[in-house]
Amino acid sequence: MQVTMTVNDVEVTREIEGRLLLVHFLRDTLGLTGTHWGCDTSNCGTCVVWLDGEPVKSCTVLAAMAGGHEVRTVEGLAKGAELDPIQEGFRQCHGLQCGFCTPGMMMTCRALLDKNPDPTDAEIREAISGQICRCTGYSTIIRSVRWASVHEAAAAEKQEEVAQA
Amino acid sequence: MTAVQEPKLTTFDDNDQKPVGYGRMLRKEDPRLLRGRGRFTDDVQLPGMLHLAILRSPFAHARIVGIDTSAAEAAPGVRAVVTGAALAEQGLAWMPTLSNDVQAVLATDKVRFQGQEVAFVVADDRYQARDALELIDVEYDVLDPVIDVRKALAPDAPLIRDDLEGKADNHCFDWETGDEEATAAVFAKADVVVETDVVYPRVHPAPMETCGAVADFDPIEGKLRLWSTTQAPHAHRTLYAIVAGLPEHKIQVIAPDIGGGFGNKVPIYPGYVCAIVASIVTGKPVKWMEDRSENLISTGFARDYIMRGEIAATRDGKILAIRTNVLADHGAFNGTAAPVKYPAGFFGVFTGSYDIEAAYCKMTAVYTNKAPGGVAYACSFRITEAVYLVERIVDTLAYELGMDPAELRLKNFIQPEQFPYETKTGWVYDSGNYEPTMRLAMDIAGYAELRKEQEEKRARGELMGIGIAFFTEAVGAGPRKNMDILGLGMADGCELRVHPTGKAVVRLSVKTQGQGHETTFAQIVAEEIGIPPADIEVVHGDTDQTPFGLGTYGSRSTPVSGAAAALVARKVRDKAQIIASAMLEVTVADLEWEKGKFQVKGDPGKSVTIQQIAMRAHGAGDLPDGIEGGLEAQICYNPSNLTYPHGAYICVVDIDPGTAQVKVRRFIAVDDCGTRINPMIIEGQVHGGLTDGVGMALMEMIAFDEDGNCLGASLMDYLIPTSLEVPDWETGYTVTPSPHHPIGAKGVGESATVGSPPAIVNAVVDALKPFGVRHADMPLTPSRVWDAMRGQATPPI
């Protein structure tokens, strides 16, 4: 069957098998290997991408179900050379070690900040609780999200000042 | 000796541009990983690449009567179907394990555990390969399995290893250490003896990335390129050469980015061998990636020790002796990854951090119808089991004596002036200063206040527990005279090359799986040679690009390869000094080293930088007599001893008396890993290990039913801590450098995994004191805690 969707702002059309999982479509068909695969059962969250802005586990979404929708992956987070604040937060606060869960974690955390720009630690823990990191023990991930939150707030304030001036 | 509480880091020094190595520095590997540009094994896509899937046994123990592959061979996209019989024709049906046993690549005669490899399919895509597995018809004659380890040596137990000539039972090996008679004598005279049965159940490292490989055999060149999830690329290459008869110089093992290892990626798995065979057979690149269930049911598990611990002491709390008897479940094949002379790994350090008179351990290891493995999950070669045992039985002694567990430990520590300290089982602890580490942990925790709070809560019927564990680790194997893996000495090479413009490349035999080698090794070299870390490229994980060495596991990268990096840099610096003396027209003795440059003693204005020296080493003009051009060196470092990090951990738990749910409220970890290279990375290593500890203590277990079905075969069944099960970690540190390591570093990768489970279990048992509970085994799930509260604590196996 043919499927058309928007991936990281680019429209793609491909001939696929109906049973093809979105994670395999992204990784094998499109070559976007930043999204990882880790468990098959929706427990680990290494495969989290956005479907119309909502984090989903792409190992349990058929590629066909994403037809006509907008998908965003880790490759679509940075704006050119400039890292998204959530990426910079993970870098500054050692929010990653092996880096395997990181793309999924960042997609979830970015979505959290978009809805809740100043989350509490408990809200961050809740947001990432459907995902597993085997390396960091989560504290540094929480700091990373806080870093992004604080820096985005500061940047927004600065922008407002400039606009007012 | 310094004792410092780790500050909450809010400012970020940019250390990568300074000619000084140590300190917080952001990681060099992060930019690619943050952008989804990491390259993991499953990311490797080669033109014409085929996909391999493995058919696994549904039974724990069964004879293979016949295999019909005809339907699978006719399935769409299928290029090859291979069985054990086909491999046997090439002499490849069996392979050696890392413990000098053999393991079936594909079963020929019998399957010996559920999930064992029986056949493989190679097809055009991964879906087709999986489809074809369904079409392979295997006829099994099901046999009684050996699942209960306690019955493995019963006279009527079914024989598992009938492939081994003359084998009549399921005995794997016996091992002992210490002095049995002397220990018995001390026990006989002791005021107090406490005996406890302690089980460390089977757990699994379950890295987020499963195991896999891409094999690409070029028949024209006769060269095999193998991308694989390996923590030890050089050891693997040599073993492939020995096993498969391929010439070693025609094998390139590439360990690309690795999504966590924790020991799971040390062994050579049948899947890797199958991928190699498949590439040779089809003439195409072949990818094999296991799925999560395959990872959990067939790859290297950890622990599975049933231990009887006995501790003897005086009435006033002086520990005199420790004795233990261990029954070890090694699964169907002895696939333990440990130095050959250490079949029980480094379990011999079960005497812990205490100065005692005698110790003895007797161990019996057996085969069962379960997956092979045994040493994995950040265990420092079985030190997890040893530390858990000793720290648990020390707590039972404290209970018996009515003594505070912190006080009991402080009373029995090996004293700083006793180092180097030889234990009663022959391990020479290099350095240690335990009391300040313990005191710092107690200070951070507010130990006295916690005990007061506990008393108040107990009076109200609330269940709060405080658990302490103090560990001494032994990491950084070799020395090579004692330690080898299948004859390969446990040493590590390192090569440093300074380019003409003063930038450098350092090549390592070890391989990061997230530990940040690309950063810390640049820092080690920077500290020695004064080239900023940003200007030092770290190359690792490719056998064609790096010197030989044994790889990353057992916390050995910093103790062994880190020493190699420091020493190779000093070797280059020595040569640079000779060149500098010619440039400045003074003698070598007239020069002194100031980070990044050599200057004339007493005249610091006269100096040359390492970058100027590098250009001179490669440039026009003569060099001093006997000095070759270039600025590079290579060494192989053979450690003279292990290094012995230590730490004091305190855990605070609350237990809901209505549901028996354990909540880890606080966890304080004070680690002493000697010289600290990058505190940010150390903190991260500790946090990860502590989380493992919560998993093992409260959640994780690979269990089996009586037929040998694995009950932990997915992440729905094998529970790993999420952000909701762990607290915000509190860390601190002390620094007691290793006297024999060139920079005094000791390694920290597994400390927290070793030290945290006993702290958590001790806290839970402490919380259950009002119920008279003296011991309860992991995993302390609500139902198991509930049973313990009712006086019905049972071992999990």
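## Contact between chains A and B

In this predicted model, 40 residues of chain A are in contact with 41 residues of chain B. Contact requires C-beta atoms, placed from the backbone, to lie within 7 Å. Helix H2 (85–92), helix H3 (102–115) and helix H5 (139–164) of chain A each supply at least two residues of the side that touches chain B. H2(A) gives the most, with 4 residues. Helices (H or I, at least four residues) and strands (E, at least two) are DSSP runs, numbered from the N terminus.

By class, the side of chain A that touches chain B has 15 nonpolar, 19 polar and 6 charged residues. Ala, Val, Leu, Ile, Met, Phe, Trp, Tyr, Cys and Pro count as nonpolar, Asp, Glu, Lys and Arg as charged, and the others, Gly among them, as polar.

## Domains of chain A

Chain A splits into domain 1 (2–76) and domain 2 (85–164), with bounds from an automatic or database domain assignment. Their centres, taken over C-alpha atoms, are 22 Å apart.

In chain A, 13 residues of domain 1 are in contact with 11 residues of domain 2. Strand S3 (residues 48–51) of chain A provides the largest share of the domain 1 side, 3 residues. That side of domain 1 of chain A has 7 nonpolar, 6 polar and no charged residues.

## A sheet in chain B

Chain B holds an open sheet of 3 strands, order S7-S3-S9, with antiparallel pairing. Pairing needs at least two DSSP bridges between two strands. Strands S7 (110–111) and S9 (137–142) of chain B are the edges, each pairing on one side only.

Strand S3 (residues 62–68) of chain B pairs with S9(B) over 6 bridges. Ala62(B) has Val142(B) in S9(B) as its bridge partner.

## Basis

Residues are numbered from 1 along each chain as its sequence is written, while chains are lettered from A and ligands numbered from 1 in the order in which they are written. Local features need pLDDT of at least 70, side-chain atom pairs count only at pLDDT 80 or more, and totals for chains, interfaces and linings use all residues.

Technical notes
Contact = placed C-beta atoms within 7 Å.
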